[in-house]
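The sequence and structure come first, and the description follows.

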Amino acid sequence: METPLTGNIRPDREPPSLKEYEKSGGYRALARVVSGLAPAEVTAIVKDSTLMGRGGAGFPTGLKWSFVPMGVDAPPGPRYLVANADEMEPGTFKDRVLMEGDPHQLVEGMIISAYAIQATTAFIFLRADYDLAEKRLKRAVAEAYEAGYLGKNIMRSAYSLEMYVHVSAGRYICGEETALLNSLEGKRAIPRARPPFPQVSGLFGKPTVVDNVETLCNVPHILANGAEWYKSLSLTAIGGTKMYGVSGRVNRPGWWELPMGTTVREIVEVHAGGMRPGYALRGLLPGGASTDFLVEQHLDTPMDFTSIPKVGSRMGTGTMIILDGKTCPVAFVLNLLKFFAHESCGWCTPCREGLPWVARIVKAIEEGQGEARDLSVLEEHCVALAPGRTFCALAPGAVEPLQSALKYFREDFERHIKERGCPWRAA
Amino acid sequence: MLSDKEREEIEAEMARYPHKRAMVPEALRIVQTHRGWISDESVRDVAELMGMSAEEIDTIASSYNMIFRRPVGRHVILFCDNVSCWIMRSDAVRDHLVKRLAAGPGETTKDGRYTVLPSACLGDCHHAPVMMVDDEMHGNLTPEKIDRILERYT
């Protein structure tokens with residue numbers, strides 16, 4: 001089984017230096033690109049590879065790049081590539097692994113991607129708390145400048161690129177791409193209206209592509225080995241491998257790079273070693289806190305962007321959170337809602353007012369103060385905060401675990417209300 | 001007043017951005033690195049350097065979790081209270097931490113050594129429960145482990 005993204009990663013040891021990265025084939029894809037491929041050819045190869053955005057939305061990466069106006073349509077002045085390294089989705093720890101474990105892979109992926117859109121400047125928008133990743137990325141960027149992979153006339157080609165590590169001042173909403181752009185412009189991190197899309201008018205009003213760290217890390221391998229090879233890595237129609245992870249009461253919580261489309265069951269039972277003795281699996285969030293619960297009957301579903309939606313959820317970040325039988329589902333959802341209510345940026349009313357409202361109701365239920373009609377109020381909010389009702393995807397994501405918990409764990413909510421307290425606390 | 005060193009560091013970073021204003025969060029981070037927190041005076045100093053009003057700077061400063069508008073201890077503990085840690089009973093570990101330090105979330109110990117802040121998911125969920133002390137991660141926390149970690153910082 002091939003693991004292109006993590007082949008160089010040695011947990012708990014220093015990441016590969018520039019020399020070691022080059023020895024493993026690093027920067028050969030970049031050499032090929034800047035010496036012989038036109039930007040449009042790079043984009044075409046990435047399109048053919050079926051690479052889809054690994055931040056959670058699964059938008060086709062090559063297609064996103066192709067929206068950047070090029071040639072005679074291109075406005076004068078700078079254009080930007082931004083790596084979204086603001087990993088902050090609860091339960092998600094995959095980009096940290098990639099940045100700490102093989103920083104040059106991200107840097108090379110960014111240079112190639114920047115070339116495809118002819119960006120003049122690239123930013124790594126890094127989460128404030130990722131201090132180790134910051135140290136390692138800054139070293140990798142400095143090494144890449146030193147070696148002529150960054151700066152003026154990269155590898156003696158006509159292409160030049162500046163790259164900076166921008167450390168965020170910390171806020172969950174910065175992961176939303178337009179809020180990220182506002183933050184990078186030095187403003188409060190609030191989302192922007194679309195259109196215009198960032199590819200046309202993004203950072204400082206210039207054409208900008210924002211891609212997730214894992215997405216960008218795939219790019220050197222696609223350019224080195226071709227679109228057909230990349231597609232062959234996957235078990236399904238969408239190409240590549242995927243960084244999967246599991247947290248919760250399993251025997252071996254952790255991360256694994258596996259073929260795209262590996263089933264939920266294989267990830268949980270084989271790679272994570274199954275549930276710990278005494279703990280039963282009741283459900284799981286497949287890809288971070290903003291995804292709907294899956295339950296036992298869904299375990300044989302392939303973890304990919306098209307299969308998981310067919311069973312009512314989303315692959316999201318691909319890092320699962322397991323709900324076990326000894327953990328109260330109402331309290332689990334309450335923990336998520338308190339987080340989302342706190343992190344709402346306050347820009348649009350449904351999210352700012354709706355999420356604290358929902359969190360208060362779930363808190364009341366958990367603490368034995370719930371009433372029978374609360375469940376229908378919660379259900380109404382799941383509709384009122386659905387996609388299209390709010391400015392960005394924060395609130396719709398926040399109610400995904402709630403709406404599915406009301407479906408799969410309804411009796412637990414009803415028991416809290418009827419017994420005027422949490423059965424798990426009483427036990 | 002900003003020190004020469006602070007001013008120098010801020011100006012060195014400015015070249016990256018086409019507009020001076022884009023430097024506001026970074027400037028606040030630099031000042032905070034030197035002073036531990038952002039006082040009203042620091043807000044006014046950054047405002048002057050940026051050519052903006054203090055109110056404009058504060059509206060930015062107050063919107064970010066990692067800009068501290070109140071004094072903090074010599075070490076900042078970010079304690080993850082998100083779902084993956086909570087499942088692994090981070091509540092019990094946090095209660096031990098709070099009792100041991102006699103400082104709750106958002107508070108600083110009497111000796112000024114630690115400030116405890118609840119944090120969003122720290123992205124190390126396979127080692128839950130986790131916390132950070134300054135720039136160091138600590139995972140698989142237990143009350144005993146907390147005791148050992150707290151001894152290490154002065």
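## Terms and basis

Two strands are taken as paired if DSSP finds at least two bridges between them. Helices (H or I, at least four residues) and strands (E, at least two) are DSSP runs, numbered from the N terminus.

The model is predicted, and local features need pLDDT of at least 70, side-chain atom pairs count only at pLDDT 80 or more, and totals for chains, interfaces and linings use all residues. Residues are numbered from 1 along each chain as its sequence is written, chains are lettered from A and ligands numbered from 1 in the order in which they are written, and side-chain values use heavy atoms, with hydrogens and water left out.

## The sheet of chain B

Chain B contains an open sheet of 4 strands in the order 2-1-3-4, with mixed pairing. Strand 2 (114-119) and strand 4 (136-138) of chain B have a single partner strand each, so they stand at the edges and one side of each lacks a neighbour in the sheet. On average, neighbouring strands of this sheet are turned by 25° against each other, direction ignored; axes here are lines fitted to C-alpha atoms, for helices over the stretch in contact, with angles running from 0 to 180 degrees between N-to-C directions.

Strand 3 (residues 131-133) and strand 4 of chain B run antiparallel and are joined by 3 bridges. In strand 4, B:Met137 is the bridge partner of B:Met132. Helix 7 (residues 143-151) of chain B packs on the sheet and touches strand 1 (75-80), strand 2, strand 3 and strand 4 of chain B, where contact means heavy atoms within 4.5 Å. The direction of helix 7 makes about 15° with that of strand 3 of chain B.

## Chain B as a whole

Chain B has 7 helices and 4 strands. Its elements run α-α-α-α-β-α-α-β-β-β-α from the N terminus on. The C-alpha atoms of chain B fill a box of roughly 50 × 30 × 25 Å, taken along the principal axes.

## The interface with chain A

In chain B, 39 residues are in contact with 51 residues of chain A. The two chains bury about 3600 Å² between them, 57% of it on carbon and sulfur atoms; buried area is the accessible area (1.4 Å probe) that two parts lose on being put together, summed over both.

Between chain B and chain A the count is 0 salt bridges (a side-chain nitrogen of Lys or Arg within 4 Å of a carboxyl oxygen of Asp or Glu). Helix 2 (24-35), helix 4 (54-61) and helix 5 (83-87) of chain B each supply at least two residues of the side that touches chain A.
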